[in-house]
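Reader: Can you walk me through this one? I'd like to talk about salt bridges, strands and pockets.

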Amino acid sequence: MTPKKDTAILLIHCPDQPGLVRAIAQFLADNGGNILHFDQHVDAQENVFFTRVEWQMEGFALSRGELPNVFGALALKFAMRWALHFSADPHRVAILCSKESHCLYDLLARQESGDLPMEVPLIISNHEILRPAAERFGIPFHHVPVTKEGKAEAEARQVELIEAAGAETIVLARYMQILSEGLVARYPGRVINIHHSFLPAFPGARPYHSAFQRGVKIIGATSHYVTADLDEGPIIEQDVIRVSHKLAVEDFVRNGRDLEKVVLSRALRWHLERKILSYNNKTVVFA
């Protein structure tokens with residue numbers, strides 16, 4: 001496989017004002033940058049400008065070390081909030097799961113096939129049941145039981161494992177535990193969750209059964225960044241399918257799981273490719 005050429009990616013948002021696009025493009029042109037993608041969006045209500053710019057590092061006049069300081073002067077002039085990433089840097093992802101396997105297997109298969117550009121250095125679960133999945137893909141599996149009395153100790157152990165593995169992003173692949181505010185605050189914008197879209201109408205452990213009893217006509221799934229407000233973080237991706245009275249509750253569950261896999265993988269891919277900007281508890285996705 002031909003090694004991927006290193007590119008730099010800038011994610012920027014700032015007050016909308018004349019000259020922003022020109023200033024960014026001129027900065028790159030002055031330093032020999034070959035722009036590959038330049039996406040932009042303006043939130044007219046909030047008067048905020050968003051952009052994602054990606055260019056080749058080969059032939060660029062500034063090194064990785066020089067780039068932040070030099071661009072920082074331009075960013076200061078326009079009051080930009082910005083983040084710089086490099087595509088060649090490995091993106092290490094920790095996966096947390098419980099008993100349901102569909103999202104975990106899907107992510108691991110996509111990673112193994114090269115469909116998701118990430119490394120998975122560890123899987124953490126509060127149950128032992130999915131250890132064979134980790135072993136099948138050759139990934140270290142850590143069983144960290146979570147009890148009401150020992151939740152703080154369990155999360156401390158999870159953080160210890162995640163930090164030791166050098167994981168940057170955490171994916172909750174149907175991890176059926178609520179994360180504490182402290183854990184979420186430690187990884188802002190770096191914890192991704194997936195769940196059905198029946199909330200708040202059908203809460204609890206058997207939402208598909210409840211929805212089936214009500215005769216719903218649409219099944220959906222939502223992937224979002226995790227915040228201290230349960231299931232109310234910035235939404236990354238959603239999708240729906242129609243269902244009918246002809247289907248059994250088992251069909252509802254199966255269709256829901258299929259949606260969860262697809263929606264989670266899309267959201268994670270865009271996160272890995274640095275295509276998401278979060279602002280005011282929502283996202284701009286340059287997909």
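Author: One term before we start, and a caution that this is a predicted model. Partly exposed means a relative accessible area between the buried limit, under 20%, and the exposed limit, over 50%.

Reader: OK. Where does R110 fall, buried or exposed or partly exposed?

Author: R110 has a relative accessible area of 22%, so R110 counts as partly exposed.

Reader: And what does R110 pair with?

Author: R110 forms a salt bridge with D115, and their closest N and O atoms are 3.1 Å apart. D115 is partly exposed too, because its relative accessible area is 30%.

Reader: Give me another pair, then. What does E119 meet?

Author: E119 meets the side chain of R92 in a salt bridge, at 2.8 Å from N to O. E119 belongs to strand β6 (residues 119-125) and R92 to strand β5 (residues 92-97), so this pair ties together parts that are 27 residues apart in sequence.

Reader: What about accessibility for E119 and R92?

Author: E119 is at 33% relative accessibility, so E119 counts as partly exposed. R92 is at 27%, which also means partly exposed.

Reader: Now R52. What's its partner, and how far apart are the atoms?

Author: The partner is E54, and the closest N and O atoms of this salt bridge are 3.2 Å apart.

Reader: Are R52 and E54 buried or exposed?

Author: R52 counts as buried because its relative accessibility is 3%. E54 is at 9%, so E54 counts as buried as well.

Reader: Change of topic: strands. How does β2 run against β3?

Author: β2 (residues 34-43) and β3 (residues 48-56) run antiparallel, joined by nine bridges. I35 stands opposite W55 in β3.

Reader: What sits between β2 and β3?

Author: Four residues, in a hairpin. N47 in the turn has a positive phi of about 60°.

Reader: On to pockets. What volume does the largest pocket have?

Author: About 880 Å³. The lining of the largest pocket has 33 residues, and R174, M176, H195, H196 and D231 lie nearest the centre.

Reader: Which element gives the most to that lining?

Author: β9 does, with four residues. β9 (191-196), α7 (207-214) and α8 (249-272) each supply at least two residues.

Reader: How does the lining of the largest pocket split by class?

Author: There are 17 nonpolar, eight polar and eight charged residues in the lining of the largest pocket.

Reader: And the second largest pocket: what volume?

Author: That pocket has a volume of about 450 Å³. Its lining consists of 20 residues, with L11, A83, I276, L277 and S278 nearest the centre.

Reader: Last one. What classes line the second largest pocket?

Author: Its lining has nine nonpolar, six polar and five charged residues.

Terms used: Residues numbered from 1 in each chain as written. Predicted model: local features only at pLDDT ≥ 70, side-chain atom pairs only at ≥ 80, totals over all residues. Heavy atoms only, no water. 1 Å grid on protein atoms, 1.4 Å probe; cavity = no way out; pocket = protein on both sides within 12 Å on 5 of 7 lines; lining within 4 Å. Points joined across faces, edges and corners; volume = space filled by probe spheres on them. Nonpolar A, V, L, I, M, F, W, Y, C, P; charged D, E, K, R; others polar. Pairing = 2+ DSSP bridges. Salt bridge = Lys/Arg side-chain N within 4 Å of Asp/Glu carboxyl O. Buried < 20%, exposed > 50% of the residue type's maximum accessible area, 1.4 Å probe, protein only.
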